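Open the model in your viewer and keep a selection panel at hand. The stops below say what to select and what is found there.

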Amino acid sequence: MLNTFLTKRLLLLVLAFAVYPAQSHEQQQEAYAYTETSNILEQFWELDSDSKRGLYTLRTFQPNYVLPYHYTNNINSQPASPTRGPVEAVDQYKDHEMKLQFSFRTKVLEDFLFHNADLWVAYTQTSLWQAWNKDISRPFRSTDHNPDIFYVIPLSQTFDLIPGELGLEMVRVGLAHHSNGQSKPASRSWNYWHVSSAITLGPVLLESTYKHRVNEPLEKDDNPDLIRYQGNLETSMTALIGRSTVSLERSGEYFSMERGNWKLNVTYPLSRSQVGGVRVQLQVFSGYGETLLDYNHRQTRVGIGFLLLNI
């Protein structure tokens, strides 16, 4: 009863972040001008000559955040896969833990092959930490490692491929490895090619990523049914509402609405005078694949914490 009450209270914060505080028309226009999506994307990915920052400069990739309270309605106390079987059950896991994500990238080739196109390498680490579980010495329950190499090609500077106000800004093509670094039977991993596109419309950003798995022999495959549960197509829509950001993401097997997952992220600056600084973050997840260890485990999770540095 208490968990249901807490979940409902946290979900109500979505509306609070999106509409509070109320702003005048002039303030909203100023915020929109400051956070125009295409300009942010251009600076983030260095899509034109003026935004280039050279090679080997450390930059943010995926969001960096710490969610001190991260509740699940269905903790995975005994992960299993078809080829690795079940791990030893841990009934002492608590349904609330801490989630951390750190992600960085650096450019290794600039203005390569195509005008203003760049080659990047990146690394993302996501952990679920039983930080509030002193009874079993606060273990890290799951940590995912995701190195990636990809090539970013700007499009809007040279081509206007979509009529009207929609702008196809860029295409990203790459190869990634994703694993949890554990030994059997808890080992989970896969390699995949990926291609992404980003489309902007005023304060709205639409992104889509298709992942094509690199096949491996069954005896070496930790999770042969991963795509069936977690999916291989990610589509997200991010809206800039004043100083708030609201992002909704759907992952699934192609366009199927079975299995897969939904993720909602809402952020608001901790200091209203520093929009690009630390932000309060609310995250809601529902479905399969919160981590690789949970790729075939369905749950709903709610977390609240802080979105960190953006460099």
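Select Phe 44 and Trp 45: both residues are buried in this predicted model. Their ring centres are 5.3 Å apart and the planes meet at 80°, so the pair counts as edge-to-face. The whole structure holds 11 aromatic pairs.

Arg 105 is placed over the face of Trp 45, 4.5 Å from the ring centre. Arg 172 is over the face of Phe 150, and here the distance to the ring centre is 5.4 Å.

Now select helix α3, residues 37-45. Which residues of α3 are buried? They are Thr 37, Ser 38, Leu 41, Glu 42, Phe 44 and Trp 45. These residues lie on the same side of α3, because they cover an arc of only 165° around the axis.

Step one residue past the helix. Glu 46 follows α3 and has a positive phi, near 55°. Glu 46 belongs to the loop between α3 and β1. Its relative accessible area is 1%, so Glu 46 is buried.

Stay in that loop and select Tyr 56, which also lies between α3 and β1. Phi of Tyr 56 is near 60°, again positive in a residue other than glycine. Is Tyr 56 buried or exposed? With a relative accessible area of 59%, Tyr 56 is exposed, the cut-off for that class being over 50%.

Thr 60 is buried, at 4% relative accessible area. Select Ala 122 as well: it is 62 residues from Thr 60 along the chain, and the two C-alpha atoms are separated by 9.1 Å.

Move on to Lys 184 and Pro 185. The peptide bond between them is cis, with omega near 10°. Pro 185 is in the loop between β8 (167-179) and β9 (189-201).

The last stop is the second largest pocket, with a volume of about 180 Å³. Select Val 90, Tyr 93, Arg 141, Gln 182 and Leu 293, which lie nearest the pocket centre among 13 lining residues. By class, the lining consists of eight nonpolar, three polar and two charged residues.

Technical notes: Residues are numbered from 1 along each chain as its sequence is written. This is a predicted model: local features need pLDDT of at least 70, side-chain atom pairs count only at pLDDT 80 or more; totals for chains, interfaces and linings use all residues. Side-chain values use heavy atoms; hydrogens and water are left out. On a 1 Å grid over the protein atoms alone, a cavity is a set of points where a 1.4 Å probe fits but cannot get out, and a pocket is an open set with protein on both sides within 12 Å along at least five of seven lines; lining residues have an atom within 4 Å of a point. Grid points are joined across faces, edges and corners, and a volume is the space filled by probe spheres set on the points. Ala, Val, Leu, Ile, Met, Phe, Trp, Tyr, Cys and Pro count as nonpolar, Asp, Glu, Lys and Arg as charged, and the others, Gly among them, as polar. Buried means under 20% relative accessible area, exposed over 50%, partly exposed in between (1.4 Å probe, protein chains only). Helices (H or I, at least four residues) and strands (E, at least two) are DSSP runs, numbered from the N terminus. The arc is that of the directions from the helix axis to the C-beta atoms. Rings of Phe, Tyr and Trp (its six-membered ring) pair if their centres lie within 6.5 Å; planes under 30 degrees apart count as stacked, over 60 as edge-to-face and the rest as tilted. A charge sits over a ring if NZ of Lys or CZ of Arg is within 6 Å of the ring centre and within 35 degrees of the ring normal.
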